[in-house]
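Here is a friendly briefing to read alongside the model. Please keep the sequence and the structure open as you go through the points.

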Amino acid sequence: MLLPLGRRRRRFDRRVVGAYLAGAVAGATLTTSFAWLLSGFVQPLTDTARIVVLCTAALFVWAAKDGPLAGRVSLPESRRQIPSAVFTPSLVRGAYRFGFEMGTGMRTYVPSVAPYVLLVALIVVRPTLGQALLVAVGFGLGRATPLMVRLRPEDRSLIIREFLQGAVHRRAQTAAGLVVLGGGLLLV
Amino acid sequence: MRQRTDPVPLTGESPERAGREDSALSPGRRSRGDRPPVPSRVRARGTYGIWLLPALVMALAAVVHGLGPIAVGIGLAAGLSLSGSV
């Protein structure tokens with residue numbers, strides 16, 4: 001683990017978490033910038049068409065991940081774990097690289113519906129560059145939250161950790177996908 | 001550069017652990033049908049937590065009349081949905 005359990009957090013741990021957060025935001029920025037560039041191709045679509053495409057894509061993604069198409073249709077994802085070699089030079093630099101790869105959302109498994117819906121939304125909605133960058137900040141922040149929570153004393157972070165652990169539940173992941181879909185529709 | 005002696009990276013585990021999203025943060029999770037049991041109390045909190053936080057961020061949009069909080073909110077929701085392996 002990047003941060004071992006059961007001891008008081010030190011300044012070095014904060015540097016590790018800070019590097020991970022910076023890496024996650026940078027990785028997410030790379031992906032969202034690429035999606036933002038791709039969004040230029042959907043300029044001819046009307047707002048109604050964007051809404052239809054986004055909702056259809058979200059429904060398909062949910063069906064393929066957690067719905068009736070699960071097991072029959074596999075969504076694109078990198079079926080690998082990030083190699084431990086990223087940590088070789090130093091832990092802080094390794095945390096940045098690890099966060100970067102996690103932040104891209106394309107370098108390891110994606111067990112949730114929401115990132116797929118988010119990617120489709122970024123392409124279909126045609127957000128401004130500023131909005132795309134804010135999405136990247138939010139994604140990196142969400143990606144780094146589990147590690148940031150570990151900086152807090154155990155007794156105070158217990159509830160937050162339980163919140164995050166519950167995210168593996170299918171209902172929570174569907175809910176997150178709906179939040180992303182709803183937000184994307186508001187941005188159209 | 002200072003090196004720590006704590007056990008650190010757990011990435012790149014053996015093939016039987018494949019299916020996990022990542023392993024440097026936590027034990028992670030396996031593929032469908034092989035998920036570790038999560039207590040119902042935790043599940044409920046997680047469900048509401050993943051709903052509430054991004055939704056609250058997006059609700060700020062109604063207050064400030066901007067789309068920025070919505071953008072942050074949808075990114076946050078997607079990022080948090082991958083955080084189950086704490």
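A:Pro115 sits in helix 4 of chain A, where helices (H or I, at least four residues) and strands (E, at least two) are DSSP runs numbered from the N terminus. This is a predicted model, in which local features need pLDDT of at least 70, side-chain atom pairs count only at pLDDT 80 or more, and totals for chains, interfaces and linings use all residues. Residues are numbered from 1 along each chain as its sequence is written, chains are lettered from A and ligands numbered from 1 in the order in which they are written, and side-chain values use heavy atoms, with hydrogens and water left out.

**Around A:Pro115**

- A:Pro115 counts as buried because its relative accessibility is 14%; buried means under 20% relative accessible area, exposed over 50%, and partly exposed in between (1.4 Å probe, protein chains only).
- Not counting residues up to four places away in sequence, A:Pro115 touches A:Val110, B:Ala78, B:Ser81 and B:Leu82, a contact being heavy atoms within 4.5 Å.
- From C-alpha to C-alpha, A:Pro115 and A:Ala176 are 9.2 Å apart in space, and they are 61 residues apart in sequence.

**Nonpolar cores**

- The largest nonpolar core has 33 residues, and those with the most contacts inside it are A:Val117, A:Leu118, A:Val180 and B:Ile74. Such a core is a set of buried Ala, Val, Leu, Ile, Met, Phe, Trp, Tyr and Cys residues joined through side-chain atoms within 4.5 Å.
- Two or more residues each come from helix 1, helix 2, helix 4 (114-125), helix 5 and helix 7 (170-187) of chain A, together with helix 2 (68-81) of chain B.
- Helix 4 of chain A gives the most to this core, namely eight residues.
- A:Leu118 touches A:Val135, A:Phe139, A:Val180, B:Ile74, B:Gly75 and B:Ala78, leaving out residues up to four places away in sequence.
- A second, separate core has 17 residues, including A:Leu3, A:Phe12, A:Val86 and A:Phe98.

**A:Gln131**

- A:Gln131 lies in helix 5 (residues 129-149) of chain A and is buried, at 13% relative accessibility.
- Leaving aside neighbours within four places in sequence, A:Gln131 is in contact with A:Leu187, B:Leu67 and B:Ala71.

**Aromatic pairs**

- Over all chains, the structure holds two aromatic pairs.
- In the pair of A:Tyr20 and A:Phe98, the ring centres are 5.9 Å apart and the planes are at 35°, so the pair is tilted. Rings of Phe, Tyr and Trp (its six-membered ring) pair if their centres lie within 6.5 Å; planes under 30 degrees apart count as stacked, over 60 as edge-to-face and the rest as tilted.
- This pair links distant parts of the chain, with A:Tyr20 in helix 1 and A:Phe98 in helix 3 (residues 91-104) of chain A, 78 residues apart.
- A:Tyr20 is buried at 0% relative accessibility, and A:Phe98 is buried at 0%.

**Salt bridges**

- There are four salt bridges over all chains, each a side-chain nitrogen of Lys or Arg within 4 Å of a carboxyl oxygen of Asp or Glu.
- A:Lys65 and A:Glu77 form one of them, with the closest N and O atoms 4.0 Å apart.
- A:Lys65 lies in helix 2 of chain A and A:Glu77 in the loop between helix 2 and helix 3 of chain A, so the pair ties together parts that are twelve residues apart in sequence.
- A:Glu77 also forms a salt bridge with A:Arg79, at 3.2 Å between the closest N and O atoms, and A:Lys65, A:Glu77 and A:Arg79 are linked in a network.
- A:Lys65 is buried at 13% relative accessible area, whereas A:Arg79 is exposed at 51%.
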